[in-house]
Every structure is written in C-alpha cells, then in structure tokens.
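Hi everyone, thanks for coming along. Let me put the structure up on the screen, and then we can walk through it together.

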Amino acid sequence: MLAKDLVAASSKPMVLSILAGGESYGYEIIQKVRELSGGHIEWSDGMLYPVLHRLEREGLIESEWRESETGRERKYYSLRREGRKALQNERQQWLTVHNTLSKLWQLNPLST
Amino acid sequence: MAHRPQHIIKIMATEPPFDLNAAFENWRNELASQPQLSPDDRRELERHLADSTAELRQRGLNEEEAFWLARRRTGQPQQLAEEFGKAEPLKVWRERAFWMAATILAFQIWRQLSTALLGLLSGPNFNLDSLLVFEIVVFCLPVVLAITLIATGRMGWLIKRSAAVIRSHARLAFTAVLLAALSSFLTVVATLHFPVRWHGKPRMSQSLLTLTMENMMVPLIFIILLCLFMPKRAKTPKHA
C-alpha cells in the first residue's frame with residue numbers, strides 16, 4: 001500500500017499523462033491506473049474527482065458533458081496546452097527524483 | 001428432523017425485489033443533502049456509480065450485488081462531500097460566511113422588532129435598564145452561539161434545508177431590505193413615542209425618514225455582505 005502523500009503527489013502527473021493519451025472520464029481513469037499499476041494503486045473513487053476539478057481550475061485540463069455510447073451524458077476531460085507544459089514539468093521532477101534514488105539504490109537511471 | 005415454522009417461510013418469500021431505480025434515487029437524495037456538492041458534482045458521481053455498477057454486472061454479479069459493491073467503492077456521500085469540500089475550501093467558507101451574515105442580520109432585525117414592540121406595548125413606563133438583560137439574552141448570546149455553530153460547520157443540517165428555500169438571490173435581498181426597513185421604522189416610532197425614556201435626549205429636528213434610514217445602516221451593511229457571499233448558482237446542464 002502506497003503512502004498517502006505519495007498517492008496524492010503522484011495523482012497529478014498520472015492524470016495528466018493519461019489524458020495526454022486522449023480524452024477520458026473519471027471511471028475510466030481510475031480503471032487505467034488500477035490496470036497499469038497491477039492493482040497496487042487503487043484510488044478511492046471519491047478521491048479522483050476533486051483532483052480533476054482542481055486541475056481544471058488550474059487551467060490544465062478542460063471538461064465537457066457529452067453523450068456516451070449508452071446514450072446518457074458523461075463528463076469527459078481533455079488535456080489543454082497548458083496541461084501539456086505542466087506534464088513536461090512534472091515529468092522532469094519525477095525523473096530527477098527517480099534518478100537520484102536509482103543511483104543510491106544502484107539501479108539503471110532512466111533517460112530524461 | 002426440525003420443522004421450519006410456516007410464518008418464517010412466508011416472511012422470506014415476500015421480500016420485495018431489488019429496485020435499481022429506487023436505489024439510485026436514494027443515492028441521488030443522499031448526495032443532494034450534502035451542501036458541499038454542486039449539482040454538477042452530483043451528476044458526475046451518479047454517472048460514476050452507474051459506470052461502476054455496469055462494469056461489475058459485466059463481471060457476473062447480479063444487479064443488487066453490483067450496486068452495493070459499486071456504492072461502497074465510490075464512497076459514502078458524507079465522505080465524498082468532505083473530500084470535495086477540502087478541495088475547494090474557499091467555496092465552503094464562502095457559504096459559511098453567507099450564513100453567518102444572514103444570522104447576524106436576522107438577529108438584528110429580530111432585536112429591533114422585539115425591542116420596538118416591547119417599548120410600544122409597555123407604554124411610558126418602559127425602563128431602559130431592564131432592556132440590557134433582555135438584549136443580552138435575546139440577542140447577544142444566541143448570536144454568538146449561532147455564529148460559533150456555523151463557523152465550526154455544525155449547522156450543516158440547517159444550511160441543507162434552507163438551500164432549497166432560497167431560490168432567488170434578488171428575492172432574498174429584497175425581502176431582507178423590506179424586513180430591515182419595517183423593523184427600523186417600528187424602532188423609530190417607538191423611540192419617538194417615548195423619547196425621554198429611550199435614549200435620554202429627544203431627537204427634535206430629525207424626520208421620521210432620516211431616523212429610519214439611520215437605523216437601517218447596520219442592517220444594510222449586512223445585507224451587502226449577504227449579497228457578496230451569496231453562493232453562485234451552478235448552471236444546471238441539460239439532462240440526457
């Protein structure tokens with residue numbers, strides 16, 4: 001189980017990265033995270049939406065209510081240009097942390 | 001061999017079938033009672049619950065099991081409201097400030113009205129000293145209590161109930177101004193009726209209107225605060 005602060009801190013780059021791959025909606029994002037992490041990262045459903053709303057307020061993503069395949073409306077989120085820049089920033093920061101730790105733990109560093 | 005009593009079998013057979021729509025209606029109502037959740041938030045959460053339920057049904061669970069598991073995973077309405085509230089502390093405080101201003105205003109009007117009526121009904125023997133005790137009990141203590149409760153978030157139930165009543169901002173402001181004007185006017189009438197007993201020095205040259213306006217100054221300040229803090233009405237999206 002990941003520490004709370006780590007889950008909180010990683011939520012922003014994860015959401016931005018997922019949306020960089022194309023627009024999505026809340027439930028799908030949670031599914032993807034669960035899938036990619038092999039079940040190790042289980043975001044509580046209620047936790048994701050405040051994150052999405054915060055990112056939208058910061059101008060990094062935008063939302064739109066659209067009709068889903070089932071006919072009912074759903075709120076879709078997509079990445080904005082500012083979001084892409086912010087994502088690059090997050091990427092740099094996380095890789096810096098990762099590479100430092102990798103050296104300490106004697107693992108192979110990732111290229112930035 | 002043990003024989004099951006007949007009446008128990010009857011009770012088990014008459015359990016009502018699970019109604020998915022009713023369950024969702026229940027969920028909607030529970031969300032609606034949380035003031036921190038905007039209509040948009042509530043729609044999003046309901047959609048989420050629907051997606052979650054659908055996915056679990058695909059995995060083989062029946063309607064009832066899927067719904068309850070999905071509901072548990074999504075979280076309790078109370079918890080969700082808290083999470084959403086934490087994400088937008090400004091919205092929560094704005095709402096609380098609105099209610100604090102409304103309470104102070106309500107108490108001011110109440111105090112003015114009750115004092116004026118007391119004065120008018122007591123006649124010339126109205127004593128200003130007994131008024132002090134009256135003021136503290138009827139005005140100061142309840143105001144302090146109410147403000148504390150609102151600031152610490154304990155008046156949530158009142159806010160939920162009143163949110164439905166206060167539909168129009170303009171109507172609220174108009175009603176408040178009307179009430180403030182009425183109570184100020186009554187206070188002035190009472191003052192002029194018994195000028196000597198009231199404040200010691202009778203106001204000779206001021207007209208009824210100026211005195212009323214003077215009395216309305218403080219309530220008006222609070223009405224302005226009320227308008228500033230009024231929660232923004234979220235645009236309700238067209239329903240599918």
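Let's start with a salt bridge: the side chain of Glu73(A) meets that of Arg43(B), at 2.9 Å from N to O. By salt bridge I mean a side-chain nitrogen of Lys or Arg within 4 Å of a carboxyl oxygen of Asp or Glu. How many of these does the rule find across the interface of chain B and chain A? It finds four.

Before going on, a word on where this comes from: this is a predicted model, where local features need pLDDT of at least 70, side-chain atom pairs count only at pLDDT 80 or more, and totals for chains, interfaces and linings use all residues. Residues are numbered from 1 along each chain as its sequence is written, chains are lettered from A and ligands numbered from 1 in the order in which they are written, and side-chain values use heavy atoms, with hydrogens and water left out.

Back to the interface. Between chain B and chain A there are 10 residue pairs in polar contact, both at pLDDT 80 or more. A polar contact here is a pair of N or O atoms within 3.5 Å; within protein, one must be able to donate a hydrogen and the other to accept it, and residues adjacent in sequence count only if both atoms are side-chain atoms.

Which parts of chain B supply at least two residues each to the side that touches chain A? They are helix 3 (39-58), helix 4 (63-74) and helix 5 (77-87). Helix 3 of chain B gives the largest share, 11 residues. Helices here are DSSP runs of H or I with at least four residues, strands are runs of E with at least two, and both are numbered from the N terminus.

In the contact as a whole, 22 residues come from chain B and 20 residues from chain A, with contact meaning heavy atoms within 4.5 Å. The buried area between the two chains is about 2000 Å², and carbon and sulfur atoms give 48% of that. Buried area is the accessible area, taken with a 1.4 Å probe, that two parts lose on being put together, summed over both. On the chain B side, Glu44(B), Arg47(B) and His48(B) lose the most area to chain A, together 33% of what that side buries.

One residue of helix 3 of chain B to look at is Asp41(B). Is Asp41(B) buried or exposed? With a relative accessible area of 5%, Asp41(B) is buried. For these words, buried means under 20% relative accessible area, exposed over 50%, and partly exposed in between, with a 1.4 Å probe and protein chains only. Leaving aside residues up to four places away in sequence, Asp41(B) touches His53(A), Gln36(B), Phe84(B) and Lys91(B).

Now over to chain A for a moment. Gly21(A) sits in the loop between helix 1 (4-20) and helix 2 (26-36) of chain A, and is exposed, at 73% relative accessible area.

Last stop, the aromatic rings. Ring pairs link Phe18(B), Phe24(B), Phe67(B) and Trp68(B) into a cluster. Rings of Phe, Tyr and Trp (its six-membered ring) pair if their centres lie within 6.5 Å; planes under 30 degrees apart count as stacked, over 60 as edge-to-face and the rest as tilted.
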